[in-house]
Amino acid sequence: MKILSPTSHQFLHGISSVLSAPQPLITLLGRLYVAWVFWASGLTKINDFESTLFLFEYEYQVPLLPFTLAAYLATFAEIVFPIMLSVGFASRISALTLSVVNVVAVISLEEIAPAAFNQHLLWGVILLHVVVWGADRFSLDHWLKLGVSASTQSL
């Protein structure tokens, strides 16, 4: 039994193609947005590292790590991985690392405002998109993959 006629199937396929066309651009915009959020947080930590250490000692309750190590790791992650995510280099690893930072940030606070929690959820969904589907066409990952593919074909 046919559910769709060939004409209906072609029509729906055409709509799907049109709606899928901006996906690489939307993925890039999502990567840039989340990278900017984490980058800005990392810069804040660097600009006043004494306050950062104070917050990690008294405000944030990072599990399993000494507060000094947690402060350095968070700062490093928020500076390095947003750059990698922005250019699309090791995108899935970068997104996964920032996801861990995101989750630790949420669980480290004793109390988090609903609006702040919702922001963390949004960033988590965008990062999950990159972890699962990759950075798409507008990324170094894509171009490196094309280069490796072309070089193995020429052998």
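What pattern does the protein follow when read along the sequence? The pattern is α-α-α-α-α-α-α. This is a predicted model. Its secondary structure comes to 7 helices and 0 strands. The radius of gyration is 20 Å, well over the 15 Å that the globule rule gives for 155 residues, so the protein is more spread out than a compact globule.

**Overall dimensions and surface**
- The C-alpha trace spans about 65 × 45 × 25 Å along its principal axes.
- Of the 155 residues, 29% count as buried.
- The accessible surface is about 10400 Å², and carbon and sulfur atoms hold 71% of it.
- Among contacts with a separation of 6 or more, 69% link residues 24 or more positions apart.

**Nonpolar cores**
- The largest nonpolar core has 15 residues.
- V34, F38, F81, L85, A95, L98 and L127 touch the most other members of this core.
- Helices α2 (23–47), α4, α5 (91–108) and α6 (114–133) each supply at least two of its residues.
- A second, separate core has 7 residues, including L53, F56, V62 and A71.
- Beyond its neighbours within four places in sequence, L127 contacts V34, F38, L85, A95, L98 and S99.

**E78, a buried residue**
- E78 sits in helix α4, which covers residues 67–87.
- Is E78 buried or exposed? Its relative accessibility is 5%, so E78 counts as buried.
- The side chains of E78 and S41 are joined by a polar contact of 2.9 Å.
- Leaving aside neighbours within four places in sequence, E78 contacts F38, W39, S41, G42, K45 and V101.

Notes: Residues are numbered from 1 along each chain as its sequence is written. This is a predicted model: local features need pLDDT of at least 70, side-chain atom pairs count only at pLDDT 80 or more; totals for chains, interfaces and linings use all residues. Side-chain values use heavy atoms; hydrogens and water are left out. Helices (H or I, at least four residues) and strands (E, at least two) are DSSP runs, numbered from the N terminus. Buried means under 20% relative accessible area, exposed over 50%, partly exposed in between (1.4 Å probe, protein chains only). A polar contact is a pair of N or O atoms within 3.5 Å; within protein, one must be able to donate a hydrogen and the other to accept it, and residues adjacent in sequence count only if both atoms are side-chain atoms. Contact means heavy atoms within 4.5 Å. A nonpolar core is a set of buried Ala, Val, Leu, Ile, Met, Phe, Trp, Tyr and Cys residues joined through side-chain atoms within 4.5 Å. The radius of gyration is taken over C-alpha atoms; the globule rule is 2.2 Å times the number of residues to the power 0.38. Accessible areas come from the Shrake-Rupley method with a 1.4 Å probe; for residues, only the protein chains shown count as cover.
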